[in-house]
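Please keep the sequence and the structure in view while reading.

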Amino acid sequence: MNDELDNREERWDLMIEQIKELFFEFGIKNLNMDDISHKLGISKKTLYRFVKSKEDLLTRMFEYDQKKWIESMNLLGLQQDNAIDKLFKVSLMVYEEMKRFNPMILFELRKYYEPLYNEFNNQRMAIISRSMALNLKRGIAEELYRQDLNNEAIVAIYMSYLVEIHNNAEVCKIANVTFDELFRVMFENHIRAISTPQGVAYFEQRKKEIIESLKNSN
């Protein structure tokens, strides 16, 4: 019985990854359940064994993403990095996730599935905010971040940076910079603003490797 449940869960995980890619490619509104089952190579009856409706499918997809996100955050938490390295890894993970969501998908989610999207987004932002708050405390304890920081304000400002960077397509065109360059400058400015001289010195030592990490993530 357990093997059967495990196989069903593994099959669903594979299907949800494929469905996500379909949404990224074609958009959400353009795909109905017939389209999805056809592109997955399964019958609609089989699809409905896993979900009840398209909205249920999106709910399950968000739940799956949330589970994977928490697993990734937990893995980062186990790594023996200092606060600056850990902040970069978390920030990069957030940035890469947001970069996958093109403006059309975000528009469709907000227009047609706003309550569902807001619930998911609020949960995700709460997880990231808690991680950022813990990172500030750790950085202060490691004497990499300044003691006089207003932690709540710093978290709120940095979170807004991470969100807004994805909405600045026009800024990138006008300034002739890429999203990756915008992210790198944003991260560096943030670190310099909150760090002690010791923290800035450490960032300078790691700056080249951080830039290479950003390039390799593409």
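## Packing of helix 4 and helix 7

Axes here are lines fitted to C-alpha atoms, for helices over the stretch in contact, and the angles between N-to-C directions run from 0 to 180 degrees. In this predicted model, the axes of helix 4 (residues 54–78) and helix 7 (residues 114–141) come within 10 Å and cross at roughly 5 degrees. Because angles under 35 degrees count as roughly parallel, helix 4 is roughly parallel to helix 7.

On the side of helix 4, the residues that meet helix 7 include Leu 58, Phe 62, Trp 69, Ile 70 and Met 73, together with Glu 55 and Asp 65. Helix 7 contributes, among others, Leu 116, Tyr 117, Phe 120, Arg 124, Ile 127 and Ile 128 to this contact. Taken by class, the contact between the two helices has ten nonpolar, four polar and three charged residues.

## The largest pocket

How much space lies in the largest pocket? The value is about 320 Å³, and of the 15 residues that line the largest pocket, Met 73, Gly 77, Arg 130, Ser 131 and Leu 134 are the closest to its centre. Two of these residues, Met 73 and Ser 131, also belong to the contact of helix 4 with helix 7.

Helix 4, helix 5 (83–100) and helix 7 are the elements that give two or more residues to the lining of the largest pocket, and helix 7 provides the largest share, seven residues. The lining divides into eight nonpolar, four polar and three charged residues.

Thr 196 is found in the loop between helix 10 (179–194) and helix 11 (197–216). Is this residue buried or exposed? Thr 196 has a relative accessible area of 16%, which is under the 20% limit, and is therefore buried.

When residues up to four places away in sequence are not counted, Thr 196 touches Glu 143, Leu 144, Tyr 145 and Arg 146. Of these, Glu 143 is found in the loop between helix 7 and helix 8 (151–164), and its phi is near 65 degrees, a positive value in a residue other than glycine. Most residues other than glycine have a negative phi.

## The chain as a whole

The chain has eleven helices and zero strands, and its C-alpha trace spans about 60 × 50 × 30 Å along the principal axes. Buried residues make up 43% of the 218 residues in the chain. Among contacts between residues at least 6 apart in sequence, 69% join residues at least 24 apart.

Definitions and conventions:
Residues are numbered from 1 along each chain as its sequence is written. This is a predicted model: local features need pLDDT of at least 70, side-chain atom pairs count only at pLDDT 80 or more; totals for chains, interfaces and linings use all residues. Side-chain values use heavy atoms; hydrogens and water are left out. Helices (H or I, at least four residues) and strands (E, at least two) are DSSP runs, numbered from the N terminus. Angles under 35 degrees count as roughly parallel, over 145 as roughly antiparallel, 65 to 115 as roughly perpendicular and the rest as oblique. Contact means heavy atoms within 4.5 Å. Ala, Val, Leu, Ile, Met, Phe, Trp, Tyr, Cys and Pro count as nonpolar, Asp, Glu, Lys and Arg as charged, and the others, Gly among them, as polar. On a 1 Å grid over the protein atoms alone, a cavity is a set of points where a 1.4 Å probe fits but cannot get out, and a pocket is an open set with protein on both sides within 12 Å along at least five of seven lines; lining residues have an atom within 4 Å of a point. Grid points are joined across faces, edges and corners, and a volume is the space filled by probe spheres set on the points. Buried means under 20% relative accessible area, exposed over 50%, partly exposed in between (1.4 Å probe, protein chains only).
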